[in-house]
Amino acid sequence: MGRERLAAPLALLADAATPVHAQLLAKVREALWARHPVDEACSDARIAASVRRGFATLAARGFAEGAAGEGLVDLVERCRRLADSDPRFRFIYRLPGSVGWGVAIGDTMSQALGCAGAEVACAVTGLMNAFMTLLDGLLDETPEIIAPHRAALAALVVDGLSGATDIRSAPSPTDHPFNQLSFEVARLWLSQCADPRRPKALSAALAGAVREAMRAEYESADAGFNSAAPNLAALYGRTRWPLYAQTLATVRDGADLSGHELTILHRAIFRIADFAAWLDDVRDYVDDCRAERWNTVSSALFRSRGFDRASVDDTAALLLTPLAEDGFATMLIDSGCAMRARIDEALEAASFDVAGMRALVADVTYDYLHA
């Protein structure tokens with residue numbers, strides 16, 4: 001006997017919730033922008049410029065030889081054709097935008113920390129974003145395809161960054177083009193990331209951040225409605241640790257940070273990352289419920305109301321129904337404003353240049369919430 005289903009199927013409930021969710025996003029946008037104004041034209045122009053740089057970054061590194069002797073550009077084209085026939089793989093079309101955001105992060109952090117070699121740093125942060133986009137897409141959309149290679153991919157990234165593994169000799173899987181692409185992009189990113197002049201303490205911190213990023217990515221990807229609401233640290237860690245790793249990767253050419261500066265930087269980056277994760281999850285709330293996937297907003301709501309689920313559909317219904325409640329909108333607005341205030345508090349305590357970081361926060365807000 002199959003699992004008991006609701007009278008209203010989940011798909012119909014999610015469809016009905018979509019226009020309500022759009023109204024909710026408008027309320028959140030209006031409230032956040034009233035307290036923290038966003039110059040829409042400036043944000044739009046900066047984002048467009050970053051996407052163009054993302055295209056350029058991919059094009060400049062698109063002909064590296066893959067493990068099987070195949071040019072990376074040809075492998076990407078194979079994946080693109082596959083995405084055209086199978087919508088599960090359409091996340092590949094997010095790569096230019098993702099790399100663009102990575103470039104913006106590299107630019108922002110290089111400026112904030114006064115680091116030389118910004119172009120190299122931007123390539124590193126952009127390629128890391130490309131890798132995380134591929135991994136995130138595979139784990140969310142086709143977990144069965146990447147499953148046999150999860151351990152090997154984590155080992156390549158973690159051991160390759162620490163120098164314990166020679167990334168040039170580590171094999172790439174050939175059973176599926178997207179698996180091969182994820183390994184090749186990881187290899188390309190790691191090769192750009194190495195800098196023997198980076199202080200040992202920062203190199204160790206970077207390796208630790210990447211290790212935690214992989215752990216959080218795998219842990220959160222396994223958190224579906226068929227399991228209990230996960231710990232929020234794991235869900236936020238999916239954004240915290242990659243952004244912190246990207247920030248540390250911009251410290252190059254022998255530059256260093258004192259322990260106090262590193263602590264302040266860590267706090268600021270985590271708060272910015274938490275806000276970005278929250279914005280993403282507010283925007284994708286209905287889609288994540290439709291996919292029976294926990295996010296930071298749904299997990300917090302479920303725990304705060306003490307829901308007792310009996311099935312996957314029950315969980316989705318309990319999470320979608322509050323969208324029409326004024327109290328839910330108020331909770332989201334209060335959460336978002338509190339997160340923004342915490343970012344401002346962290347940046348005000350910093351001794352480094354935070355103008356670019358403030359602009360980055362405004363751009364992220366605009367990108368996720370603009371109509």
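Colleague: Which helix gives the most to the lining of the largest pocket?

Modeller: Helix H5 does, with 7 residues. This is a predicted model, where local features need pLDDT of at least 70 and side-chain atom pairs count only at pLDDT 80 or more, while totals for chains, interfaces and linings use all residues. Residues are numbered from 1 along each chain as its sequence is written, and side-chain values use heavy atoms, with hydrogens and water left out.

Colleague: What makes a stretch such as H5 (118-141) a helix?

Modeller: Helices are DSSP runs of H or I with at least four residues (strands are E runs of at least two), numbered from the N terminus. Residues 118-141 form such a run, so we call it helix H5.

Colleague: And what makes a space a pocket?

Modeller: On a 1 Å grid over the protein atoms alone, a pocket is an open set of points with protein on both sides within 12 Å along at least five of seven lines; if a 1.4 Å probe fits but cannot get out, the set is a cavity instead. Its volume is the space filled by probe spheres set on the points, which are joined across faces, edges and corners. For the largest pocket that comes to about 1400 Å³.

Colleague: How do you know which residues line the largest pocket?

Modeller: A lining residue has an atom within 4 Å of a point. There are 41 of them, and Arg94, Asp136, Asp280, Arg283 and Tyr368 are the closest to the centre. By class, this lining has 15 nonpolar, 10 polar and 16 charged residues. Here Ala, Val, Leu, Ile, Met, Phe, Trp, Tyr, Cys and Pro count as nonpolar, Asp, Glu, Lys and Arg as charged, and the others, Gly among them, as polar.

Colleague: What about the second largest pocket?

Modeller: It has a volume of about 460 Å³. Its lining has 20 residues, with Leu58, Ala59, Val76, Leu95 and Pro96 nearest the centre. Helix H3 (72-85) is one of the elements giving two or more residues, and its 5 residues are the largest share. The classes here are 16 nonpolar, 1 polar and 3 charged.

Colleague: Why are helix H1 and helix H16 called roughly antiparallel?

Modeller: Their axes come within 10 Å and cross at roughly 160°. Axes are lines fitted to C-alpha atoms, for helices over the stretch in contact, and angles run from 0 to 180 degrees between N-to-C directions. Angles under 35 degrees count as roughly parallel, over 145 as roughly antiparallel, 65 to 115 as roughly perpendicular and the rest as oblique. The angle is over 145, so H1 and H16 are roughly antiparallel.

Colleague: What makes H11 and H16 roughly parallel, then?

Modeller: Their axes come within 9 Å and cross at roughly 10°. That is under 35, so the pair is roughly parallel. Where H11 meets H16, Asp280 and Arg283 of H11 are among the residues in contact, and so is Tyr368 of H16; contact means heavy atoms within 4.5 Å.
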